[in-house]
Amino acid sequence: PEATPPRRASTAIFDALDPPGRSSLAKFVPSIEKLVPDDSIIDERVSDSRTEAAPGGYWQLVFLLSKLVGAILTLDRGVFMCLDDLQWCDSTMIGLVVETLISASQIQQLRQQSRFMVVGMYRDDEIPISHPLTTRLDILRKSANIDVAEIKLSSLSREDIADMIATEVRLPRRLVYGLADVVHKRTSGHALFVVQLLNSLVRDSIIAYSPRKHRFDWDEHKIASLRMGDSVASLIVSNLSRLRSGERKSLRILSCFGVQSDMSLVKLIDGSPDIAPKQGKTIESFLPGLIEGGILEVSGPLVAFSHDLIQHHVYDNIPDDERRQLHLDIGLYLGSMTLLDAHTLKSSLDGGVDQLYLSDASSTTDDSVAKPSTLVSIVTDQINAAGPHFVADESQRLRFASWNLHAGKDAAEHSNFRAALFNYENGIAFLADTPWGPAEDGVVDRDGDSGRFRTCCRELHEGAAFSSLALGEPAGVERYARTVIENVPFEDSLVAQALHVKSLMGAARYAETIATGLAVLRLLKFDMPSTPTPMAVYQTMIETGNVTSKYTSDQITNLKQTSINARKRNILKIVDGVILACYRESSPYLPLVACAMVKYSLQNGVCEESATAFVVYGYFKIFVQENFDEGRRWGDIALRILDSNLAFTPMTLYGFLLFWFIPHQNVANVLIDTYEAGMSVGDVDGAMYALCISMRFSFFGGVNLSLLSHSYVKALKQMVKFCKESAKFAIVDLLIIQGLTGIDYFAFSVFEGMIQDEDVLLANARLKKHSQVLEIIYSRRFFSAFWFGEFAEANKWYDQSLTFPSMKMPKIQLIYHTFYRGIIAYQMYRDGEGEEWLDEGKKALDRMKVWTKKASKAIFENKLYLLEAEHYASNCNIVASKESYELSAKSARDRGVVHEQGLAYELYGKFLSSVGEPGASDWFERAHACYIQWGAAAKAAQLRKDYNLGVPDEITSASFDLNLGSIKHSRDEDGGLI
């Protein structure tokens with residue numbers, strides 16, 4: 001039988017989200033735990049949200065929410081969402097809503113089904129052009145998958161008001177039109193104020209029942225001459241002035257919480273004799289009268305002002321000192337009901353109240369328990385509203401700073417980094433006069449007042465630095481991290497040092513990242529030479545090899561610790577940043593840092609953070625010593641210890657090490673999974689690079705270019721949004737495809753005019769000395785020239801790319817640089833360009849033999865056969881060359897690399913033509929068929945033209961069977977991945 005709706009929803013969510021994704025989403029949507037099996041939610045408590053929460057939490061939430069919405073919509077159910085008062089939303093919240101809508105709209109299977117409606121309401125007169133909602137609305141209007149309908153609600157007209165009055169007083173419109181005209185002029189047709197004014201006129205008997213006329217009557221001239229001021233606020237004042245003192249006091253208290261409050265919070269406040277209204281009455285007792293008067297309204301568990309202008313008026317009219325004292329009294333009273341001052345958890349009523357979930361409409365009790373620290377955030381808001389200048393006592397300031405620290409950690413744990421930063425900065429403000437605490441004779445008592453001051457201040461600054469990093473505000477990271485570094489002992493500054501390094505890395509200040517990180521490592525007594533000579537690198541690799549040879553792979557894996565101390569974790573975080581910066585700069589310090597961290601991990605315990613150093617060490621075992629077995633061993637060790645929920649280390653592992661041993665399309669598929677995992681946990685940068693490298697491997701793996709180009713175009717939208725650096729790499733890769741297909745994808749349009757074409761990108765990279773972008777552009781031009789037989793042009797770009805040290809490092813481009821350069825060398829030799837080209841070809845052939853023997857036969861066999869065929873052809877060994885050409889084509893076909901199969905056919909035909917043997921056109925036609933199957937229509941057209949092939953011009957890839965079995969993923973829009 002068909003599953004019940006809750007079970008169907010549970011199954012859909014379970015299928016859409018992996019366990020880490022469900023666990024992460026449960027932090028934001030607690031009720032999801034009711035829909036999925038209990039054991040599928042992983043308890044992932046964050047030990048220290050200042051250093052462990054993912055800075056990509058915003059995009060993680062977008063990714064997870066869109067998955068959740070998509071899962072629900074696949075059940076043939078509609079989703080309706082209503083969002084009011086968007087004019088008050090900050091840019092983060094508006095962005096979250098809009099990005100989630102766009103992401104959900106791009107789920108391919110939902111394209112033809114419009115079952116998701118979102119109604120957003122805002123006051124357009126409070127939305128200036130600079131408001132974030134303005135920009136986001138433009139984005140929604142431009143979205144191809146979202147239908148935007150805008151309904152402008154105008155004010156009530158005179159006719160509308162006349163209809164209202166006529167209905168209420170049971171009179172024809174002609175008798176009430178004069179009154180309606182006066183009311184309209186006084187209220188500008190605002191519905192709330194129309195009602196307020198009419199109620200006040202009735203209350204003051206200006207509109208009253210006339211026994212003589214047997215109907216309601218009024219004096220229009222008297223109403224027009226009433227002195228009510230020129231604003232709606234004046235009307236509100238006239239109504240509020242009639243309230244009893246207890247009602248006014250109740251409104252003042254409620255206004256301190258904003259436009260709305262939870263009834264359970266009201267009941268808590270009523271328990272304080274110092275805050276609640278006097279005369280032995282409670283706020284709750286005054287609510288019926290205030291609701292009847294239209295000042296307040298109740299919706300479920302919430303009590304709210306009927307309009308925000310009423311709340312503003314009440315709040316603004318409390319004298320400043322009285323208002324601050326009221327905030328302080330509320331904060332202190334509610335704080336006394338939490339665990340904020342406790343050093344250990346205790347089982348008591350306090351625990352339940354501390355976890356009060358004040359906005360759960362389904363709650364029927366006053367002490368319902370849900371996400372922790374909801375009340376804590378209310379407490380800190382009240383204390384912060386009072387302000388540090390209103391608190392003179394130093395111990396109280398420290399107390400309130402600690403409360404803000406607690407609230408900031410809680411907000412950061414739930415990826416609400418804007419709120420976290422707000423709390424951290426307020427906590428710092430409470431310690432502004434003595435931020436680092438008094439120290440006598442330069443000695444700090446860690447357990448005394450000065451020690452507590454310094455610890456609290458350090459953690460607040462660390463939290464502010466981390467939140468600034470998560471929000472993409474490098475200036476904030478720099479300011480707060482440096483403050484810590486300059487004011488605490490070095491050993492206490494490691495969190496700040498790690499954040500500082502990460503911020504420099506995120507700002508693409510690679511040289512500064514390396515210098516800063518190395519300085520920290522030297523202070524930690526790591527031996528880092530001032531000049532990393534090749535001999536020093538080689539010697540360090542030998543020394544590290546001597547250490548690692550004493551351990552088997554199982555012994556190293558068994559050293560993994562389930563938890564490590566904060567000091568070691570922060571050291572490894574610093575190292576991760578330095579390693580990435582060294583790679584980007586092709587710094588010779590890269591192997592030195594990796595070796596140091598390998599030895600450090602073996603001495604102090606292996607952990608997930610060790611995996612990156614292990615990968616880089618294996619990388620250099622291949623690069624420096626050509627020890628493929630050891631490189632593979634360290635890759636396998638890293639695979640066994642890494643955190644599969646992050647993207648950076650798996651991306652490095654597969655994209656820069658294991659690709660020697662795994663077919664390239666398989667690597668591409670793994671990196672797609674890495675992208676998914678990274679997005680689900682908020683590792684956005686790692687996810688974007690994994691996506692970029694995945695598509696690169698798909699290209700070299702022979703995936704159909706038409707499908708792959710579609711994926712590139714869609715993925716670029718994501719990359720520009722999340723990580724512009726990865727977009728630059730991807731767009732250059734797409735230009736290779738653009739040349740081969742002959743289709744202009746207008747890819748640079750994603751930069752919205754900032755980068756118009758590759759030449760502008762090249763000039764920008766030269767200006768910024770961005771060697772990796774320069775290298776990939778030169779490599780692109782080399783590859784494009786090679787495929788179209790422009791060998792002199794290809795050699796020019798090859799020689800220019802060799803000027804970058806990163807060109808010689810072992811990565812996937814190195815394989816194809818070597819392969820294509822070898823083919824070019826043999827072709828140049830046979831074209832009479834000189835004996836040196838035969839030697840150059842032989843070097844490439846020898847290298848390919850080593851790789852085929854030591855790495856993977858599946859990857860290199862067809863390439864080796866083809867270089868051997870070219871070598872035999874260059875040495876006039878016709879029989880051997882024919883055999884090798886055919887072996888290369890067969891091997892490429894068996895491996896599913898259709899483009900290299902076509903290349904073997906083309907070179908075979910070219911060789912037969914050069915020696916005057918028959919059958920060349922047959923091999924050219926086979927090459928043409930392969931190129932068409934690959935999707936390289938422009939390349940096929942060139943082949944047809946150059947060799948006068950008798951195939952129809954109109955032939956397309958539809959004429960051939962596409963071997964798409966190796967394609968694991970094919971999606972659309974921003975998820976358009978191959």
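1. Let's start with α24. Its buried residues are Val537, Thr540, Met541, Thr544, Gly545 and Thr548. They sit on the same side of α24, because the arc they cover around the axis is only 135 degrees. Keep in mind while looking at this that the model is a predicted one.

2. With 3.6 residues a turn in an α-helix, residues three or four places apart point the same way.

3. As for its dimensions, α24 is 15 residues in length and runs 21 Å from first C-alpha to last, close to the 21 Å expected at 1.5 Å a residue. The cover over its buried residues includes α27 (589-604), α28 (610-625) and α29 (628-641).

4. Tyr538 belongs to α24, which spans residues 534-548. Together with Met535 and Ile542, Tyr538 makes a nonpolar surface patch of about 300 Å².

5. Next, α41, which covers residues 878-895. Its 18 residues reach 26 Å between the first and last C-alpha, close to the 26 Å expected at 1.5 Å a residue. Buried here are Ala880, Ser881, Ser884, Tyr885, Ser888, Ala889, Ser891 and Ala892. Viewed down the axis of α41, these buried residues fall within an arc of 165 degrees, so they line one face of the helix.

6. Which helices cover that face of α41? Among those over its buried residues are α38 (812-830), α40 (857-874) and α42 (898-914). Have a look at the end of α41 too: just after the helix, Gly896 takes a positive phi of about 80 degrees.

7. Now the whole protein. The secondary structure comes to 44 helices and seven strands. Of the 978 residues, 54% are buried. Taking contacts between residues at least 6 apart in sequence, 67% join residues that are at least 24 apart.

8. Last, the surface. The accessible area of the protein is about 43500 Å², and carbon and sulfur atoms account for 52% of that. For a local example to set beside this total, go back to the nonpolar patch of Met535, Tyr538 and Ile542.

Terms used:
Residues are numbered from 1 along each chain as its sequence is written. This is a predicted model: local features need pLDDT of at least 70, side-chain atom pairs count only at pLDDT 80 or more; totals for chains, interfaces and linings use all residues. Side-chain values use heavy atoms; hydrogens and water are left out. Helices (H or I, at least four residues) and strands (E, at least two) are DSSP runs, numbered from the N terminus. Buried means under 20% relative accessible area, exposed over 50%, partly exposed in between (1.4 Å probe, protein chains only). Contact means heavy atoms within 4.5 Å. Accessible areas come from the Shrake-Rupley method with a 1.4 Å probe; for residues, only the protein chains shown count as cover. Patches are made of residues with over 30% relative accessible area and no salt bridge: like charges are joined within 9 Å, nonpolar side chains (Val, Leu, Ile, Met, Phe, Trp, Tyr) within 5 Å. A salt bridge is a side-chain nitrogen of Lys or Arg within 4 Å of a carboxyl oxygen of Asp or Glu. The expected span of a helix is 1.5 Å times one less than its number of residues. The arc is that of the directions from the helix axis to the C-beta atoms.
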